[in-house]
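Could you walk me through this protein, starting with the big picture and then its salt bridges? Keep it friendly, please.

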Amino acid sequence: MQHWGLNTYLYGPKDDLKHRLLWREVYSPEEEGQLRTLVTEARSRGVTFVYALSPGQDIVFSSACDLTLLKRKLKQVSDLGCEAFAILFDDIDHSMCQADSEAFSSFAHAQVSVANEIYRFLGEPSVFLFCPTEYCGSLCSPCVSKSSYLQTLGADLQPNISVIWTGSKVISRTLSVDCLEEVGSVLQRPPLIWDNLHANDYDSRRLFLGPFKGREPQLRRHLRGLLLNPNCEFEANYIPLHTLGTWHRTPPGGEGGDDEPEYCPDSALSEALRDWMDELNQPLQPGDATADVIPLPMFPLSSGSPPTSPAKGGENGSEGEAKRPPGEGLKHKAQGRVPCGGKGLLSEAQVRLLVGLHYLPHEHGPAAQRLLQDLTWLKSNCHLVSLNGKKTAQQKVEEWRGRASRLMALCEDIAELHCSVVGGVNRAVLYDLYPYVWDLRNTALVAKAFVCWLGCGTTTGAELLGVDSEPWVFKGGVSGEVQMLLPIGSSTELFTHPPPLFPTSRLYNVRPYHSKDKLHLRTQGGKDSNSTHPDVTGDRCLGACLALCPEYSFVLEDELGVCGCVTGVQDVRAFIKRCHATWMPAMRDKYPGPRTGPSALPEDQGEYPDSLLHHFPSQLRLDALPQLVDASVSRTLLTALLAALKANGSQGVFCEVQPTDRQRMEFLTKLGFLEILRGEARSREGVVLGRLL
């Protein structure tokens, strides 16, 4: 912060229980030592340390006891060398208890009374911040200019107390001079902005690596300061803080003539990227720091409030200033890659891709925009390459395939980005960013497989579901929006799972089954296969699906080849009839002899009651090799099949599992499958699990 010209750090982390939940309790001697070290370190760097307290959830404003405890707590922090304070009343109930209702004419008067009393008790410090309950335009009743709450603050709050404001929204896309002047007029002082632009505590799947943007430097004339509430992950805040420093150093305009430099977010981002590249490629383990860093939160950010409501950021806090050719294939692209566990360098192109995919709350970077636009267009125009689109002009078909190739190449780049982050030398960055690149990689694998499946011409014209809305409406960032463009986008349990404990940089690919895969899949029988008929187990398990409905088969492959597959049946009734008519006679000719033993073919493909098939007309079978390292890709493989089944009109799917296969039972249950039929009710063993689509 000192290096970038930032001069204020506000401490209010929610994981310090004595900041909010246990605000009445004083710090222990050990905690005092940690806070004193932090205060001293900030002062030595020319950074104002602001201690924030949030008593609003349960304070009795009229209670002399609570007021005494509040003073005791802040006096303790003051004795540690702290000279700047903040009292926060955000995200609390507007109602007052009976004692407060009798003592104060309004909720605002109660807060003002306590804030003024504490301000005087601390000796009227030069920096004293107050966060109101109505801290943005959308929370004001009925509006900013007519809010009696804000009017009371403006009239009665001591004039040197700074009032925190987040803008027109909790997370404001832009800040305008007009809006700042309006609230400043009501508060009778310029506001101090608590900026949630990069806060991500309201959505565990989102990360914001984009530049400080939407706030022109001339706004500083209308502010008492600006605090940036950052990402929860320390390593994710390099670009936000670096570009904030550039913004702060840029003249506010109108003071240096026509040649005066202007703040440009794109230029600031490029400068920050160049500097971040050096850090990303430096060996660093989580927790590494200089000698004087104390064991408090490892990032100089508080978790302060504004932001615990669903639309707000703030798990970590605030700081700031106060005053390859496409489509070359998995195996080819994997050549020369650093193996799993190796350490390599992230390229600038990869870092730009990383930032573009995790940009800002209201805006995606170029790569993310292209991904969403192409997927939307390809899904909307899949009729050009569908079974019913044989008369489509070749030019239109080529356009579809060209955009599909571009999307699939981007998905491959995302997979390689995941590998590079996992294999990078900076392990601190890995552990902060890994959940996000892992989530996006898995979503991109499904999207790539789905588009590849569409390109095979397997759609029948059934409606492809999707929701059109503003890009920031859906949770999950780019991953969430790609998810919503898929036919099963509303099934969150298929997409939101915690990442594996041990990251792996192995490359994976999910794609539709090709006829050339048949021999490999048929011979996956392993120990159950016999020398006379080595592919009998494959025929028994997968053969009918591969022969009669290959369009619902997907393959999972890694750098070594095929490591899993999933096969599906769209209409089980019709499939069973076809099996009896063609498949079983062919198998009896292929495997003459006894019909007994572990390698014998079954005489039928199952008997299922009409009540089951009415709600669950489709069936699936999932197989993965034991050496599969990243179990999450099995979920991705299954999700690709469910998307294809849903796209062609299926309303439900079931899977038959042996009762002893607890691992598979647990896996499917986590993905929303429920037990709907047991073997006792049928002539076959096994439990039938189903889920609606």
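Here is a short tour, from the whole chain down to a few side-chain pairs.

This is a predicted model, where local features need pLDDT of at least 70, side-chain atom pairs count only at pLDDT 80 or more, and totals for chains, interfaces and linings use all residues. Residues are numbered from 1 along each chain as its sequence is written, and side-chain values use heavy atoms, with hydrogens and water left out.

The protein has 693 residues, and 56% of them are buried (buried is under 20% relative accessible area, exposed over 50%, partly exposed in between, using a 1.4 Å probe and protein chains only). Its secondary structure comes to 20 helices and 15 strands, which are DSSP runs numbered from the N terminus: H or I of at least four residues for helices, E of at least two for strands.

Now for the salt bridges: the structure holds 20. To count, a side-chain nitrogen of Lys or Arg must be within 4 Å of a carboxyl oxygen of Asp or Glu. Here are three of them:

| Pair | N to O distance |
|---|---|
| E41 and R45 | 3.4 Å |
| R120 and E117 | 3.8 Å |
| R406 and D374 | 2.6 Å |

R120 and E117 sit three residues apart in helix α4, about one turn of the helix. An α-helix has 3.6 residues a turn, so residues three or four places apart point the same way.

What about R406 and D374? R406 is in helix α12 (residues 394-422) and D374 in helix α11 (residues 366-380), so this pair links distant parts of the chain, 32 residues apart. D374 is buried at 2% relative accessible area, while R406 is partly exposed at 40%.
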